Amino acid sequence: MDNSTTVTICCLTYNHEKFVRQCLDGFITQITNFHFEILVHDDASTDKTQDIIREYATNYPEIIKPILQKENQYSKGNKAILATFCYPQAKGEYIAICEGDDYWTDPYKLQKQVDFLQSHPQYAMSYTSSQIYDQRKEIIENYLIGHEFNDFNDLLIINRIPTLTTCIRTSVIIEYVNDIKPEKQNWLMGDYPMWLWIAYHYKIKFFPEATAVYRAQTESASHSQDLQKQERFALSVIDITTFYIKKFQIVPPKEYWEALNATYYHYYDIYIHQGNFKKSRYYATSIKLEYATERIQKKIRLFPFRYIKFKIRKLFHKHL
């Protein structure tokens, strides 16, 4: 076996005390004919996550390399944790990403992905399907996430790539970071912008088998019960796609505008029922009616009358 590092696994943790052992075990049990390293970045967890990471680093000093923060970087405004702290330290020719509450189940995951990328230089990355573990129900769902996409426009409509299944050429990641400078963007996610950039410039390989398990929790960066958090995340996704449409001067397909309308109408409907006419007006005017269904067109066109009715009622009650 060549002692040079072929793959760097980048793992992000924060208060993953209950899950991080399963995650790290999925890394160290990978069966490969090459050397890999594991960079574990912990963003100042307040539980025992850092203690567990130190334990594994002691047991596997040649493989596991901790990056342990004393202050939470995300709360200080650094949303591009991987680009700031992990990618610059990566020694591998390829980078695989997995957060500390997810885990790998296929011991040959890395080997299969590296074998393909080494024999297909025109491809920049590969990914697979993933199972979903519902943390609240404590069950594995009977459907998979991660599906093949046709082209850049297809990926622009919806993200089909599970981060925990990816393996990417490090040189391509560096190209992306240098071009986009994600640390200067205000995006709430670091993966989707990179997938779009790579899909525009390179080929991406999809393996249909499930190699990992994504842990769906009630509260996370991409899933929340809090309406404002949901809304901020959805708007951040739109900000990302808008950025690339302008950067690459793309004319999106009608399916993109239909998907955008669906998001806008979702929040319009919520806020109109709450009586929040400032918010509902914003989403009503954001919807492109030429791509909306007749039902949505009718509801949006009635909005000015509902708004006037609301203002009259409010004025009436004010003078009572």
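The model is predicted; local features need pLDDT of at least 70, side-chain atom pairs count only at pLDDT 80 or more, and totals for chains, interfaces and linings use all residues. Residues are numbered from 1 along each chain as its sequence is written, and side-chain values use heavy atoms, with hydrogens and water left out.

Helix H8 spans residues 227-247, and helix H9 spans residues 254-274. Helices are DSSP runs (H or I, at least four residues) numbered from the N terminus, as are strands (E, at least two). H8 and H9 pack at about 155°, with axes 12 Å apart. Axes are lines fitted to C-alpha atoms, for helices over the stretch in contact, and angles run from 0 to 180 degrees between N-to-C directions. H8 and H9 are therefore roughly antiparallel to each other (an angle over 145 degrees). H8 passes H9 in a left-handed crossing (the near helix is turned anticlockwise from the far one by less than a right angle). The H8 side of the contact (heavy atoms within 4.5 Å) includes Leu227, Ala234, Ile238 and Ile245. The H9 side includes Tyr256, Leu260, Tyr264 and Tyr267. The residues of this contact divide into 10 nonpolar, six polar and one charged. Ala, Val, Leu, Ile, Met, Phe, Trp, Tyr, Cys and Pro count as nonpolar, Asp, Glu, Lys and Arg as charged, and the others, Gly among them, as polar.

H9 also packs against helix H10 (residues 277-286). The angle is about 155°, and the axes lie 8 Å apart. H9 and H10 are therefore roughly antiparallel. Their crossing is left-handed. Tyr264, Tyr267, Tyr268, Tyr271 and Ile272 of H9 meet H10 residues including Phe277, Tyr283 and Ala284.

A pocket is an open set of points on a 1 Å grid over the protein atoms alone, where a 1.4 Å probe fits, with protein on both sides within 12 Å along at least five of seven lines; lining residues have an atom within 4 Å of a point. The lining has 13 residues, with Glu148, Phe149, Asn150, Ile204 and Lys205 nearest the centre. Strand S9 (203-216) supplies the largest share, four residues.

Methods
Parallel < 35°, antiparallel > 145°, perpendicular 65-115°, else oblique.
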